[in-house]
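Open your viewer and get ready to select a few residues at a time. We will take the tour one stop after another, and at each stop you will hear what to click and what is there.

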Amino acid sequence: MSQHETPLYHGLLEHAKKDPVQFHIPGHKKGNGMDPEFRNFIGENALSIDLINIGPLDDLHQPKGIIKQAQILAAEAFGADHTFFSVQGTSGAIMTMIMSVCGPGDKIIVPRNVHKSIMSAIIFAGAIPVFIHPEIDKNLGISHGITIESVQHALELHPDAKGLLVINPTYFGISADLKKIVELAHSYEIPVLVDEAHGVHIHFHDELPLSAMQAGADIAATSVHKLGGSMTQSSILNVRGKLVNYKRVQTILSMLTTTSTSYLLLASLDVARKRLATEGKQLLDKTIVLAQSIRQQINEIDHLYCVGSEIVESHIACDYDPTKLIISVKDLGLSGHDAEEWLRKNYNIEVEMSDLYNVLCIITPGDTEKEAEILIHALQELSKQYYNQGGKVEAKVMLPKIPVLALTPRDAFYSETELIDFNDSVGRVIAEFIMVYPPGIPIFIPGEIITEDNLQYIKRNMEAGLPVQGPEDYDFKKLRVIKEHRAIR
């Protein structure tokens, strides 16, 4: 097969052309049984291939036909031995890769700034997380990746770990020295699992950080929908080498995946792979040039700073992805959340995310000079409006210490619990997640002992308007903790 082929997508088209009489789900029957307004908006073409795993269309749970062919082409494109399509997003792929190497009581080494799906998988698996502190950027007030030294220390202390998880690149586009980290972990016969949610494109351009497969990692969950052109919720799971059993990966993925798999999502993965493999270099050439042009213009605006290649000169990064625009607004006297709200209200601009000091914008092959000009103009006006309150501001990085883990996350999650007042919870063992989402970095995970530092961190993020999520009490007046059984008098 050639990378110019799309066996899954074209298999669906050929099936739709036959216009078979459908006595199977989905019940809308090519849109005929659907609300007309929605049908007209979505269109007949999309609805004609919104199908189910009938014989001619293969089955994602045991692929033998067009899905298998599409996955083989994807593996070839990404340099993997095996590639699996996910219609459960990268969260489903991440859960699969963790549960493929970990079981009850197994240790897994992870950075603290992990996505919530990683901690969910650890609960499902019954594994024990061993946390590594990520590197802190005191200028930007954000977390980056992990260092060789911290990985070495963790491996020395926990040589019995079943896996080492690395975020590469981070949400902000920063990469660690993944190749050396992989070599180090492999010297202990420990597989490396990569959360590559924000790096599908890096495999296809030499000026971008090394991809997981290029660095020799064993398994990587990669969001094609985020930056690769497929539909939302479609991702892949790449596997190489012999430290991870690919047959077990298929089994776990099948356990976590709906049996009503979306062929629209699967087809979009097939065509996105084709475009990345055959045109990726040229498309990313233009994207990188556009991103660097925007970066240069932002850095000419008073009191704004957009991070560039200079970050690689520090010890906190090995490489960076220039298509991610980390725009520091703190010197305008604003929070990143304030800037996000201002851009939305005044220029109808939606950014990827914001935090206490920054907004993050992503540039993809879907962007043009038109969108770039709108963003630059908006940022110039933002600077003019807040110029008088601007000045050099030092980021106050208030990242609390990682709490002590008193119980495994799984034991805590399934323990007998009770709700208590937020302000009375210090010293208790929490039984729920609390995180800032996006990007989903945990403040607490089930089983950790609540500290005053962490409570203050939650309050500060909420006061800044940032999206703190997790507890069943959305107002944060109460937290769910492990119930204490007092002695009977």
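## Stop 1: Threonine 259

Select threonine 259, which is found in the loop between H10 and helix H11 (263-298). The names of helices (H or I, at least four residues) and strands (E, at least two) stand for DSSP runs, numbered from the N terminus.

Before you go on, a word about the model. It is a predicted one, where local features need pLDDT of at least 70 and side-chain atom pairs count only at pLDDT 80 or more, while totals for chains, interfaces and linings use all residues. Residues are numbered from 1 along each chain as its sequence is written, and side-chain values use heavy atoms, with hydrogens and water left out.

Is threonine 259 buried or exposed? Its relative accessibility is 57%, so threonine 259 counts as exposed. Here buried means under 20% relative accessible area, exposed means over 50%, and partly exposed is in between (1.4 Å probe, protein chains only).

Threonine 259 and histidine 61 are 198 residues apart in sequence, but their C-alpha atoms are 7.6 Å apart in space. Not counting residues up to four places away in sequence, threonine 259 touches Ile52, Asn53 and His61; contact means heavy atoms within 4.5 Å.

## Stop 2: two helices side by side

Select helix H1 (residues 7-18) and helix H4 (residues 66-78). Two packed helices are described by the angle between their axes and the distance between the axes. The axes of H1 and H4 come within 8 Å and cross at roughly 155 degrees. Axes are lines fitted to C-alpha atoms, for helices over the stretch in contact, and angles run from 0 to 180 degrees between N-to-C directions.

How do H1 and H4 run relative to each other, roughly parallel or roughly antiparallel? They are roughly antiparallel (angles under 35 degrees count as roughly parallel, over 145 as roughly antiparallel, 65 to 115 as roughly perpendicular and the rest as oblique).

To see the contact, show Pro7, Leu8 and Gly11 on H1, and Ile66, Ile67, Gln69, Ala70 and Leu73 on H4. By class, this contact has 6 nonpolar, 2 polar and no charged residues. Ala, Val, Leu, Ile, Met, Phe, Trp, Tyr, Cys and Pro count as nonpolar, Asp, Glu, Lys and Arg as charged, and the others, Gly among them, as polar.

## Stop 3

Click aspartate 19, in the loop between H1 and H2. Aspartate 19 has a positive phi of about 50 degrees although it is not a glycine.

Proline 26 lies in the loop between H1 and helix H2 (36-42). Look at the peptide bond from isoleucine 25 to proline 26: it is cis, with omega near 5 degrees.

## Stop 3

Zoom in on isoleucine 98. Leaving aside its neighbours within four places in sequence, isoleucine 98 is in contact with Ile108, Ile118, Ala121, Ile122, Leu165 and Leu193.

## Stop 4: aromatic pairs

How many aromatic pairs does the structure hold? There are 5. Rings of Phe, Tyr and Trp (its six-membered ring) pair if their centres lie within 6.5 Å; planes under 30 degrees apart count as stacked, over 60 as edge-to-face and the rest as tilted.

Select tyrosine 171 and phenylalanine 172, a tilted pair with 6.3 Å centre to centre and 40 degrees between the planes. Tyrosine 171 is buried at 11% relative accessible area, and phenylalanine 172 is buried at 9%.

Next, select phenylalanine 422 and phenylalanine 476, an edge-to-face pair with 6.4 Å centre to centre and 75 degrees between the planes. Phenylalanine 422 lies in the loop between strand S16 (417-421) and strand S17 (434-436), and phenylalanine 476 in the loop between strand S19 (468-469) and strand S20 (478-482), so the pair ties together parts that are 54 residues apart in sequence. Phenylalanine 476 also has a positive phi, near 60 degrees.
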